[in-house]
Amino acid sequence: NGNGFVVSKSGEHRWVALTSRAKSVLCYDVELTQGDQGELKGKIKLDQAGYYAHAGRKKFQTKGKDDYIKDLINGRSWQIDNSTFTNDKEVSLPFKEVHEIVINDHVVAADAIVYINPFVVSQLIENPFKSESRLYPIDFGSPLEKLYTCRITIPDGYMIDELPKSGILKLPENGAKYTYSLTQTGSVLVLSSRLQINNSLFTQDEYPDLREFYNLIVAKQAEQIVLKKK
């Protein structure tokens, strides 16, 4: 079922590929500052294109703005002061949203040490591929790209004690790639995370490598920034 037959009144019948050539893109841009009480304040911007935009618009229009925001919070002790949405009906444009937030439950403090996971959203908590073997191909529907950029301003009186290392993961023949980069400029930490699924279809023989690829991403995104008082 990888092809469809187009029937036209003009007689120009033809076969067309049903595989999507357009890449689905999910792009987070997060800017945060740690407050005196350990809270994180700032903005979360999200741009969605392709199938991600389709799913986001459908959810937004079905649930409405308030319930859509509740799903974003997902039971966490977040305070969202303002939210704006753009292109919720323009299907040819990216679906965009911006949230002004205060996060009270993400920073862990122990005496003079503070632990922060820079993925306040979009963290891959567990591997979606749980079975050790696979009998059928894996179809993502289209090439995918997930980008996550986060800038965290370190408060006065704290210094970096430990940072996760930057790194790159790749599957054979560039079927998928994950890049993780964490840098410091003055008092600002900048995380750049990029997941690229370049092949929309993987065979069952490629499954073990794909599963291990996701295992490594889960482990990487669980790493934390460690701050300590000067």
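This is a predicted model: local features need pLDDT of at least 70, side-chain atom pairs count only at pLDDT 80 or more; totals for chains, interfaces and linings use all residues.
## The two sides of helix H2

On helix H2, the face turned away from the buried side carries Asp66 and Lys70, both exposed (over 50% relative accessible area, with a 1.4 Å probe and protein chains only; buried is under 20%, and partly exposed lies in between). Residues are numbered from 1 along each chain as its sequence is written, and side-chain values use heavy atoms, leaving out hydrogens and water.

Which residues of H2 are buried? They are Tyr68, Ile69, Leu72 and Ile73. These sit on the same side of H2, because they cover an arc of only 145° around the axis (the arc is that of the directions from the helix axis to the C-beta atoms). An α-helix has 3.6 residues a turn, so residues three or four places apart point the same way.

## What H2 and H1 pack against

The buried residues of H2 pack against E4, H1, E5 and E6. Contact here means heavy atoms within 4.5 Å.

Helix H1 (residues 51-63) lies across strands E3 (24-34), E4 (40-49), E5, E6 (95-103) and E10, and runs at about 115° to E4. Helix H2 (residues 65-73) packs on the sheet too, touching E4, E5 and E6, and its direction makes about 125° with that of E5. For these angles, axes are lines fitted to C-alpha atoms, for helices over the stretch in contact, and the values run from 0 to 180 degrees between N-to-C directions.

## The eight-stranded sheet

Eight strands make an open, mixed sheet in the order E5-E6-E4-E3-E10-E14-E13-E12. Strands count as paired if DSSP finds at least two bridges between them. E5 (78-86) and E12 (167-170) are the edge strands, each pairing on one side only. Direction ignored, neighbouring strands are turned by 10° against each other on average.

Within this sheet, E10 (residues 144-153) and E14 (residues 188-197) pair antiparallel over ten bridges. Leu147 stands opposite Arg194 in E14.

## The four-stranded sheet

There's also an open antiparallel sheet of four strands, ordered E7-E8-E16-E11. E7 (107-110) and E11 (158-162) each have a single partner strand, so one side of each is left without a neighbour in the sheet. E11 is joined to E16 (residues 225-229) by four bridges, and Met159 has Lys228 in E16 as its bridge partner.
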